[in-house]
Structure formats: C-alpha cells, structure tokens
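Here is a short tour of a protein chain, meant to be read with the structure open beside you. Take your time and look up each residue as it comes along.

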Amino acid sequence: MKNILFVSSEAVPFIKTGGLADVAGSLPKAFNKDEFDVRVIIPKYRIIPDHFKQQMQYCTHFYMDLGWQNQYVGILEMQLDGVTFYFVDNEHYFSGDQAYESGLWDLEKFAFFSKAALSCLPAIGFHPDIIHCHDWQTGLVPVYLKNVFNNNDFYWNIKTIMTIHNLKFQGTWDPKTIMGMTGLPAYLFTPDKLEAYKDANYLKGGIVYADYVTTVSDTYAGEIQMPFYGERLDGLMRARNNCLMGIVNGIDYDEWNPETDPMIPYHYNAITFRKEKYKNKCAFQEELGLEVNADKFMIGLVSRLTDQKGLDLVDYVMDQICADDVQFVVLGTGEAKYENMFRYFAWKYPGRVSANIFYSNERSHKIYAACDAFLMPSLFEPCGLSQLMSLRYGTVPIVRETGGLKDTVEPYNEYESTGTGFSFANYNAHEMLNTINYAKHVFYNNKREWHKIIDRGMAKDFSWGSSARRYEDLYRML
Ligand code: ADP
Ligand code: GLC
C-alpha cells in the first residue's frame, strides 16, 4: 500500500474558485484503492458550507512556529466518497470572505498552511510515501520538507511531486520579508533556489525541491519551456525537463453527467440528445429572459474573467459575434473591465445576450446542458476543464489551439467528417470570429454534420480513468 497526501488550497465540494478545486476533489477518488491510500488536506476556510463543517471531526491540535510567530494548528477530518479529507484550522488565517485575499497576507497564509500540513503528520498518524503539491500555494511544502523537517527521521523518505496548474501565479515577494515570515534559512534565498528576479518565489521553490514536476497537459508541458508561456521560469522548466511530464486532467463523470444531473431539467445521453437537449435550451432561455426559440444558435462561456481566458478577443468583436441569429450566455466573475463589458452587451442586446456576473455551480451546469457551442479562446490554458464539461454535455467547443485545449478538442474537418469542435491557432480576434461563424454556418446549414460532431464529442472519454493510471505509474516510479 502506498500513502499519498494531496496538499491543495481548494477542493470540491468544499471550496472552489477554478479548475484546481475540481482536480483536487475528484482525482483522489479515481485511484486504485487496493494499492493507494490517497488523502487530501486543505485549509478549513470559514466560507466552507456549514453542512460540511458539521460533519468534520476533531483530530488533533498543537502550536507551531512560523518565523517569529507561534500559531495554533487544529486538524479536523471527514470522509467523503471513500476519501479522507483533513482540514487545517486557524481562524486568524482562514476566516476571510474569500479563499484568496491579497498579496502578502496570502503568502503568509499559505506558508502557514504548507508548514502545518507537514507538521501535523505524526500527530494524525499518516505517513505519506508521496506528498503531491498543487500550485504556488503549496510550493513551500517541498522546501520545508527538505530544509527544515530533514532533521526528523519521520520525514526522511517522503517524496514530493509539484503539479503546476497555472505557471502564471507564483507567489512572490521580497526575500527579506519572506525569510522573516516563513523562518526559512537564509541560504535558500539565492537564484538557484527560492529566488527569481530578486523576489522570493514559492512556486519556484516547489519546482526546485520537488522530486518530480507535472503539469496538466502535454502541450502545456512543452509550452512552459518556451519564453512566451514560461512566465520567466522557462529556463528552470527546461532545466527540470527530465523530471517534467504533462498528464491531462479529467472530470468527475458522476457529477458531470447529462443523464442524471439533478441541476438540469431535461436529461439526455449520446443517443437521445437530438430529441432532448434543446428542451434545456428553451427552459434556460425562459429562465434568463432571452427569446425562447429552439432554433437559435446559443453560445456559452463559463470562466474566470481574466486576461488568460482570451476575453480581449471577445471584447474586440462582440458586436459581430452577437448577430441577429446568435444568443450569448456568459457566467463568470473577475476583472471589472470584463464584468462591465458583458453587462454592457447584455444591456445593448436584450433578449440575445445574458450576463451572469456571479458564481453559481448550478447555472454552470445549465449552460453546459443548454448551449449549442461553448467559447474558450484562451491566451494560454494549462488544461481547461470547461471544454471537457461541454464535450460531455454535447455542447460543441470553440477553442484556441493552446495547452490542454489543443490536446482535448479535435478540430472539425468537413472533408473527412472528423473532429469534436472548432479551433483556431493565432491569438487574433478575427480568426476567432471566423471560426465562430464557421461553426454557426455548420449549425444552421448542415445539422446532420453538426450532430455528428456532437456524436464524436460525447463518445470521447475524459473521465479520470486513464490519467489516474498515469499518476499511479508516477507514484510507483518514485
Ligand atoms: P480555470 O481553472 O483556469 O479557472 P478550468 O476550465 O480548468 O479553468 O476550470 C474552471 C472551472 O470553474 C470549471 O469547472 C467551470 O465550470 C468553473 N467556473 C468558472 N467560473 C464559474 C462561475 N462563475 N460559476 C460557476 N462555475 C464556474
Ligand atoms: C488552472 C488552469 C486550468 C486547469 C486547472 C486545473 O486553473 O488555468 O487550465 O484546467 O488549473 O488543472
């Protein structure tokens, strides 16, 4: 039996801001339970829904040094779908209105979390063979493990994996402040270790000290070794190239299942979608106050509203996208300029554009089920889960060929009748617009072909199965 500990700043169903939560919450369920005991540790945020908090059981508590401070660490525990989740309790750090707040405060919070996740292991009686860390928030785990916990034999043969879900976020601040705050030794703050471009860098520390580094698609694993996508760490990624691998994400096929999904009004599958899926569209049009018309081409977009997602392209040609024969539904929150842009177009095109500027899991399910096409023109996309959800719901993705989008959406080829979606290569608004118009053309003028695109998309398998086997291979190898 191998013991694995996932350390993550978010995990469904407890707390989610993006795809990281989907991965940290659903991947652990997919491992072979006879061989792997995979457990997950996350912060016990105040904003975790009460009905979960009521199910958590007290495990242990102690006090831990963090730099010059001495902090309370409580550990709670809960089982969900056969997976053990641990929660790090500390009201000073985790009582905010959001999981992520601001710069230095988040750096302190996740330094605390990372060190606490290591410190609690002897007390909770779980000895991991491998600690699997996710993103910058947990970058200090391998750093603490190899440089602070190395004088305690409990920790000697623990291996670490650092999975990069997004290289853009690195967790950086001036080294002196971070040194004092984390209590990490001074020798770590050099350019071959924790420092990058004169700042202390959590993610870099994780990448340098982890035994293995993975990211969430093959294409992104290659891209981050190049300057354009490398976020100034491409040199480091090239240096670690022999311990770097891309493993594409999956999604939870039980939660995301148009046949059983309790959040959508009409159920369907790969055979019945022709007769049933449009009913979800009509119900949704009604709910959103759009013109109720089963034949209208409805495009959906569910996303954090940030530059990463290619929204400046959308902004540039939104008037042309929103032609008479199109409905556009967006769900997302993020940068004010994008929130306001979508609000403006909803005002300009009532009955055609619906701007849902908030977070709602239920509404996201309805968009995946109701829309004909799903737009994801990302500037970069480590993996992307929304396009996988769309494929699962028979909603045709329109994507830019980058990262995981390139690895999971096969472009439609009308001559060979292949492909599961539409894609374009260059980060160019008119190339995107042409691709949307091409999709619209097939939708309106060649329904049989459109349905065959859906057939092929729904036949794809993006459940965790094969990717979980690849992580298992990696765990065995380490
Ligand atoms: P990222 O992790 O970069 O945000 P992904 O495509 O990997 O992108 O994952 C995004 C996840 O967050 C998907 O499950 C998507 O449905 C969900 N999501 C994003 N914005 C919202 C929102 N406003 N309401 C509900 N779900 C959202
Ligand atoms: C990040 C990436 C996204 C990926 C997700 C889960 O948030 O932006 O592409 O799917 O992590 O790995």
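This is a predicted model: local features need pLDDT of at least 70, side-chain atom pairs count only at pLDDT 80 or more; totals for chains, interfaces and linings use all residues.

Now zoom out. In what order do the nine strands of the open sheet lie? The order is 3-4-5-2-1-6-7-11-12, and the pairing is mixed. Strand 3 (57-66) and strand 12 (244-246) are the edge strands, since each of them pairs on one side only. Going from one strand to the next, the twist averages 25 degrees.

Strand 1 (residues 2-7) and strand 2 run parallel and are joined by six bridges. Lys2 has Phe36 as its bridge partner in strand 2. Strand 2 (residues 36-43) is mostly covered, with seven of its eight residues buried.

Is Cys120 buried or exposed? Its relative accessible area is 0%, so Cys120 is buried, the cut-off for that being under 20%. If you set aside the neighbours within four places in sequence, Cys120 is in contact with Ile41, Phe62 and Ile75. For a sense of scale, Cys120 and Pro185 are 65 residues apart in sequence, and their C-alpha atoms are 21 Å apart in space.

Asp106 lies in helix 4 (residues 103-119). Asp106 is buried as well, because its relative accessible area is 7%. Not counting residues up to four places away in sequence, Asp106 touches Ala99, Tyr100, Glu101 and Trp136.

Lys16 sits in the loop between strand 1 and helix 1 (19-26). An unreviewed UniProt entry carries the annotation "binding site" for Lys16. With a relative accessibility of 25%, Lys16 counts as partly exposed. Apart from its neighbours within four places in sequence, Lys16 is in contact with Glu10, Ala21, Asp22 and Tyr359.

**A covered helix**

Why is helix 15 (residues 361-370) described as largely enclosed by the rest of the structure? Eight of its 10 residues are buried, so the rest of the structure largely encloses it. The buried residues of helix 15 are Arg363, Ser364, His365, Lys366, Ile367, Tyr368, Ala369 and Ala370. Among the elements that cover these buried residues are helix 12 (273-288), strand 13 (297-305), strand 14 (326-334) and helix 16 (386-392).

**Rings and charges**

How many aromatic pairs does the count come to? It comes to 38 aromatic pairs. Two of them are set side by side here:

| Ring pair | Distance between centres | Angle between planes | Kind |
|---|---|---|---|
| Tyr93 and Phe94 | 6.3 Å | 55 degrees | tilted |
| Phe422 and Trp450 | 6.0 Å | 25 degrees | stacked |

Tyr93 counts as buried at 1% relative accessibility, and Phe94 is buried with a relative accessible area of 2%. Phe422 and Trp450 are both buried. Phe422 lies in strand 18 (residues 422-424) and Trp450 in helix 19 (residues 447-459), so this pair ties together parts that are 28 residues apart in sequence. Ring pairs also link Phe297, Tyr412, Phe422, Tyr438, Phe443, Tyr444 and Trp450 into a cluster.

The charged end of Lys447 sits over the ring of Phe443, 4.0 Å from the ring centre. For Arg392, the charged end sits over the ring of Tyr253, 3.7 Å from the ring centre.

**The listed domain**

Finally, an unreviewed UniProt entry lists residues 292-439 as "domain: Glycosyl transferase family". Over residues 292-439, the chain is 39% helix and 23% strand. The end C-alpha atoms of this stretch are 21 Å apart.

Notes. Residues are numbered from 1 along each chain as its sequence is written. Chains are lettered from A and ligands numbered from 1 in the order in which they are written. Side-chain values use heavy atoms; hydrogens and water are left out. UniProt positions are given in the numbering used here, feature names are shortened, and annotations may be inferred rather than shown by experiment. Helices (H or I, at least four residues) and strands (E, at least two) are DSSP runs, numbered from the N terminus. Rings of Phe, Tyr and Trp (its six-membered ring) pair if their centres lie within 6.5 Å; planes under 30 degrees apart count as stacked, over 60 as edge-to-face and the rest as tilted. Buried means under 20% relative accessible area, exposed over 50%, partly exposed in between (1.4 Å probe, protein chains only). A charge sits over a ring if NZ of Lys or CZ of Arg is within 6 Å of the ring centre and within 35 degrees of the ring normal. Two strands pair if DSSP finds at least two bridges between them. Axes are lines fitted to C-alpha atoms, for helices over the stretch in contact, and angles run from 0 to 180 degrees between N-to-C directions. Contact means heavy atoms within 4.5 Å.
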